[in-house]
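Thanks for asking me to look this one over.

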Amino acid sequence: MQTITIALSKGRIFKETLPLLAHADIIPLDDPESSRKLILDTNQEHIKLVIIRATDVPTYVQYGAADIGVAGKDVLLEHGGQGLYEPIDLGIAKCKLMTAGPMDAEINYFEQGKKIRVATKFVNVAKRFYAEKGVQAEVIKLYGSMELAPIVNLADRIVDVVDTGNTLKANGLKPMEHIADISSRLVVNKASMKMKHDEMHHLIKKISEAV
Ligand code: AMP
């Protein structure tokens, strides 16, 4: 049998993907939370898991370093999705990608008549969103704690994933514009889908049944 490599990130995605893999009779032999191994064996000799940063999952799958992976739609929108099929919405880790700003902010860019500054780790998503609205936006890349940016006048707005909105509220911000509904997706390397068709087809079918 040909080897199948599955790319997953630690934490929520790993935990919520485990039952789906179990339905395909795939059980990891190590727990990534306690093991330092980056490649985990499973009960099936030809199936390996690679444990990587969530934002790296689409890249590994795009280049065929992993045949299949699980990534949030937010990460996929930012990556662009080149070289990937996205066959299944796993319906897990749901949230929304939104713009947010100070409590007293209004959605009226043109009255401001100036370029707005937007802090985010979703630089491509933010640029696309404001370009489509015809709003001039200077997008500042951050790697975390986006909520801080408007408080310290680094930015007028942030683009971030929002679940309950409690984190925004705790920092004096409010959600403003909806950009996309987010959930985790199964992504598949296009070449693997052809070259390893039978194994991949079986795995996708099993995971899709579990969903
Ligand atoms: P909230 O419930 O809106 O306060 O969200 C708590 C924090 O978790 C926020 O900073 C979000 O960035 C993050 N978050 C919430 N849901 C998700 C998700 N499904 N995937 C990734 N990050 C999330």
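**Notes on salt bridges, sheet and loops**

1. Lys-96 and Asp-181 form a salt bridge, with 4.0 Å between the closest N and O atoms. Lys-96 belongs to strand 6 and Asp-181 to strand 10, so this pair ties together parts that are 85 residues apart in sequence. Lys-96 is partly exposed at 38% relative accessible area, and Asp-181 is partly exposed too, at 48%. Please keep in mind that this is a predicted model.

2. How many salt bridges does a search of the whole structure find? The search gives 10. One of them joins the side chains of Arg-185 and Glu-86, at 2.9 Å from N to O. Arg-185 sits in strand 11 (residues 184-189) and Glu-86 in strand 5, so the pair links parts that are 99 residues apart in sequence.

3. Are the two partners in that pair buried or exposed? Arg-185 is buried, with a relative accessible area of 13%, while Glu-86 counts as partly exposed at 35%. Both residues also belong to a network of salt bridges that links Lys-73, Glu-86, Asp-89 and Arg-185.

4. Glu-209 is partly exposed at 42% relative accessibility, and Lys-205 is partly exposed at 47%.

5. Five strands make up an open sheet of mixed pairing, in the order 8-7-9-6-10. Strand 8 and strand 10 (173-182) are the edges, each pairing on one side only. On average, neighbouring strands are turned by 30° against each other, direction ignored. Helix 5 (residues 123-133) packs on this sheet and touches strands 6, 7, 8, 9 and 10; its direction makes about 100° with that of strand 10.

6. Within the sheet, strand 6 and strand 9 (residues 157-162) pair in the antiparallel sense over 5 bridges. Here Thr-99 stands opposite Val-159 of strand 9.

7. Most residues other than glycine have a negative phi. Ala-93, in the loop between strand 5 (84-89) and strand 6 (95-102), has a positive phi near 50°. Ser-145, in the loop between strand 8 (137-141) and helix 6 (148-151), has a positive phi of about 45°. Ala-93 is buried at 16% relative accessible area, whereas Ser-145 is exposed at 54%.

Methods:
Residues are numbered from 1 along each chain as its sequence is written. This is a predicted model: local features need pLDDT of at least 70, side-chain atom pairs count only at pLDDT 80 or more; totals for chains, interfaces and linings use all residues. Side-chain values use heavy atoms; hydrogens and water are left out. Helices (H or I, at least four residues) and strands (E, at least two) are DSSP runs, numbered from the N terminus. Buried means under 20% relative accessible area, exposed over 50%, partly exposed in between (1.4 Å probe, protein chains only). Two strands pair if DSSP finds at least two bridges between them. Axes are lines fitted to C-alpha atoms, for helices over the stretch in contact, and angles run from 0 to 180 degrees between N-to-C directions. Contact means heavy atoms within 4.5 Å.
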